[in-house]
There are 2 protein chains.
Amino acid sequence: MKILILGGDGYLGWPTAMFFSKLGHDVKIIDNFIKKKIENEEGIKPLFSQVPLMERVKLWNKNINKPISFVVGDLLNHRLLYDVLDEFKPETIIHYAEQPSAPYSMKGRDACFFTQHNNVLGTINLLFGIKKHCPDVHLIKLGTMGEYGTPNIDIEEGWLEINHKGRSDRVLYPKKPGSFYHLSKVHDTNNIEFACRIWGTRCTDLNQGCVYGLETMESKMDPGLSTSFHYDHVFGTVINRFICQSVIGQDLTVYGNGTQTRGYLNIIDTLNCVNIATNNPAKVGEFRVFNQYTETLSINDIANNIIYAANELGIKTKSKNLENPRVEQENHYYKPKNENLLNLGLKPTLINDNVLPDMIKIAINNKEKILKDSILPTIKWKI
Amino acid sequence: MKILILGGDGYLGWPTAMFFSKLGHDVKIIDNFIKKKIENEEGIKPLFSQVPLMERVKLWNKNINKPISFVVGDLLNHRLLYDVLDEFKPETIIHYAEQPSAPYSMKGRDACFFTQHNNVLGTINLLFGIKKHCPDVHLIKLGTMGEYGTPNIDIEEGWLEINHKGRSDRVLYPKKPGSFYHLSKVHDTNNIEFACRIWGTRCTDLNQGCVYGLETMESKMDPGLSTSFHYDHVFGTVINRFICQSVIGQDLTVYGNGTQTRGYLNIIDTLNCVNIATNNPAKVGEFRVFNQYTETLSINDIANNIIYAANELGIKTKSKNLENPRVEQENHYYKPKNENLLNLGLKPTLINDNVLPDMIKIAINNKEKILKDSILPTIKWKI
């Protein structure tokens, strides 16, 4: 199958490209390297210095039948995008090409404007490109569980059967996102659902939880194939941050009282979920949402898990509470559904399936490279 | 009160500016004239040639104590916007500054991109400008009833008390907009609600129905003070189109079977509603929605009303059905609420309160100027 991966240089995009390439698919990547640009702006970098995409692709292609190809380009450049769609004629598009940091989007006007401009208008270009050049393609769009916020009712998968004053309807699940980044994903959801409704576009929107983990079957084949591992306050998710803090002797910095609960999944499961969606495409005109996470954990749960796993490896660490830089609910109800992917065969890897020791060992082996000043939050929601 | 009107050269912006100026308020206008630019692109123009804003403001200021001031500028130019907010320090901002045509937004990629870029990112700049320079200002944002679409349940005012599996929450009313223009308004709603929640911004979102009518108390003072009257397929709403068709001998072109029902209001009531919102501001951190329409009518109701009113003036006309260029439901349920503004004192002017004969007479007096080819729809939702 011809698979186009937008944002194919990213934390998830690159492992996804290798994964589908190894399965024998014809994979093409587009990336504009904006994440690398933001790394420079913010003075952060991933734990390992990554091989540049061009070299990484060469390294990968040495041992594979159908080489991965790539295009340096931006979805905001609609002519370039249209050319790629017209020439490659993808059957599946996996869309990771968005500015992915909530804190960055809250930094100020410029960063917020950039985030919504890049994410929302890039996706608008994609929708028109699909309509013109490959209307039958299956679009797999990465959304986020953060679109829902933390409502006081159960979180369904994208849609909600609603009963109101004796009448009923099926509506997009009401959203309460917690940052301008998360808002950009909600705008995308609304724009894409409309394209499906009006033009017959086919879309699976994967509302993904926080992803952790580093290695995949493919990345293990050569150290030069590694994906990026961020532990900083801009791109690093909480598990990565806590692991790096544990190995450099920093207390694990819990924002607020640590009761904030979210969905999490291992990077291995991201690949499995995207594969399941690819093999079970949405129908013509269908806007389908899968909640893509395997377990819900509070910040305190995560801290306790990491304290325990580090202790087993001989590292004593503890957590401490920081004033929450974000505006978010604590002590909240959280019950999201994730049956769609499980029903299609997902076998979850959970955080206690011996995942943390391996991650901690990698952090130990690279502890000299950790930039200690890049972990504590400097961006506040209220400023 | 210091009132800043964004989009103050528009169909509603200009009458609003005169209205508040006459009441003794200190009024400043910003406009970027993009609607005039689109008129040229599309080969359309309003029924009357309008006096340019600069001259119109001079004419108005002759007989008024506090002159209206104006700035030519674009909300996408955040430095200009910030300067105006910092220097003028408005107490109320009335935000009409958006590309207002649903058909235009559906014309193709360029027009869609322009619409969401202008509307969503202009409003992002405004939110950051308010936070920085006038955080206590009351933002009155013009939304649209079209954000809701035509759900099979009653339409509440912006928020919905939801019961689901034995639990309850108050959520933003789920939206199902019918064009990329309407989507831009939904994106605005979501961004603004977040700003209220996080920063304490104060906002009244007026979800307005289709506005009809031409003259206001102020515009009647001098023909040079008229607002724009569009009857074309891009900016003209159905009432204006049908009135112009009736006087030039065209059948009234009903899209689809004509059962599509929407909320409508007279331009006089728009001014009254905005005044009510101004005098009863939202609280700190409150995101409040008022559904701003006075009656619901189907396309067939409107056609029949205009056929009757034209007949009384000696004009025989009839309707005919066109294949619907839009993708929208017919024979649908439609029961929106509008109690908030009524409870605050709105006294509706209804379509049968002798409004149509006056509009038809104006059209008769200007029938030679009507561009017959600009009325039939050329933009289709599905292309």
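**A friendly note on a two-chain predicted model**

1. As background, two copies of a chain are related by a rotation about an axis and a shift along it.

2. A word on conventions before going further. This is a predicted model, in which local features need pLDDT of at least 70 and side-chain atom pairs count only at pLDDT 80 or more, while totals for chains, interfaces and linings use all residues. Residues are numbered from 1 along each chain as its sequence is written, and chains are lettered from A and ligands numbered from 1 in the order in which they are written.

3. Now to where the chains meet. In the interface, 37 residues of chain A are in contact with 37 residues of chain B; contact here means that the C-beta atoms of two residues, placed from the backbone, lie within 7 Å. On the chain A side, at least two residues each come from helix H6 (109–133), strand E6 (159–164), strand E7 (167–172) and helix H7 (180–199). H6(A) gives the largest share, 10 residues. Helices (H or I, at least four residues) and strands (E, at least two) are DSSP runs, numbered from the N terminus.

4. What is the make-up, by class, of the side of chain A that touches chain B? That side has 20 nonpolar, 10 polar and seven charged residues. In this count Ala, Val, Leu, Ile, Met, Phe, Trp, Tyr, Cys and Pro are nonpolar, Asp, Glu, Lys and Arg are charged, and the others, Gly among them, are polar. Since 100% of the interface residues of chain A are also interface residues in chain B, the copies meet through the same surface.

5. One residue to look up is B:Asn191, which lies in helix H7 (residues 180–199) of chain B. B:Asn191 counts as buried because it has 23 C-beta neighbours inside 10 Å. The cut-offs are these: a residue is buried if 20 or more other C-beta atoms lie within 10 Å of its own, exposed if 12 or fewer, and partly exposed in between, with C-beta atoms placed from the backbone. Leaving out residues up to four places away in sequence, B:Asn191 touches A:Leu183, B:Thr123, B:Ile124 and B:Leu127. Its C-alpha atom is separated by 10.0 Å from that of B:Leu121, 70 residues apart along the chain.

6. In chain A, look next for an open sheet of three strands, ordered E9-E11-E13, with mixed pairing. Strands pair if DSSP finds at least two bridges between them. At the edges are strand E9 (210–212) and strand E13 (295–298) of chain A, each pairing on one side only. From one strand to the next the twist averages 45 degrees. Strand E11 (residues 261–266) of chain A pairs with E13(A) in the antiparallel sense, over four bridges, and A:Arg262 stands opposite A:Leu297 in E13(A). Helix H9 (residues 267–279) of chain A packs on this sheet, touching E9 and E11 of chain A, and its direction makes about 80 degrees with that of E11(A). Such angles run from 0 to 180 degrees between N-to-C directions, with axes fitted as lines to C-alpha atoms, for helices over the stretch in contact.

7. Chain B also has an open sheet in the order E9-E11-E13, with mixed pairing. Here E9(B) and strand E11 (residues 261–266) of chain B run parallel, joined by three bridges. B:Tyr212 has B:Asn266 in E11(B) as its bridge partner.

8. Helix H12 (residues 355–365) of chain B has B:Val355, B:Leu356, B:Met359, B:Ile360 and B:Ala363 buried. Seen down the axis of H12(B), these buried residues fall within an arc of 120 degrees, so they line one face of the helix; the arc is that of the directions from the helix axis to the C-beta atoms. They pack against helix H8 (238–247), E11 and helix H10 (299–312) of chain B. The face turned away from the buried side of H12(B) carries the exposed residues B:Pro357 and B:Asn365.

9. Finally, two loop residues deserve a look. Most residues other than glycine have a negative phi. B:Asn331 has a positive phi, near 50 degrees, and is found in the loop between strand E14 (319–322) and helix H11 (339–343) of chain B. B:Asn354, in the loop between H11 and H12 of chain B, has a positive phi near 60 degrees. B:Asn354 counts as exposed, with 10 C-beta neighbours inside 10 Å.
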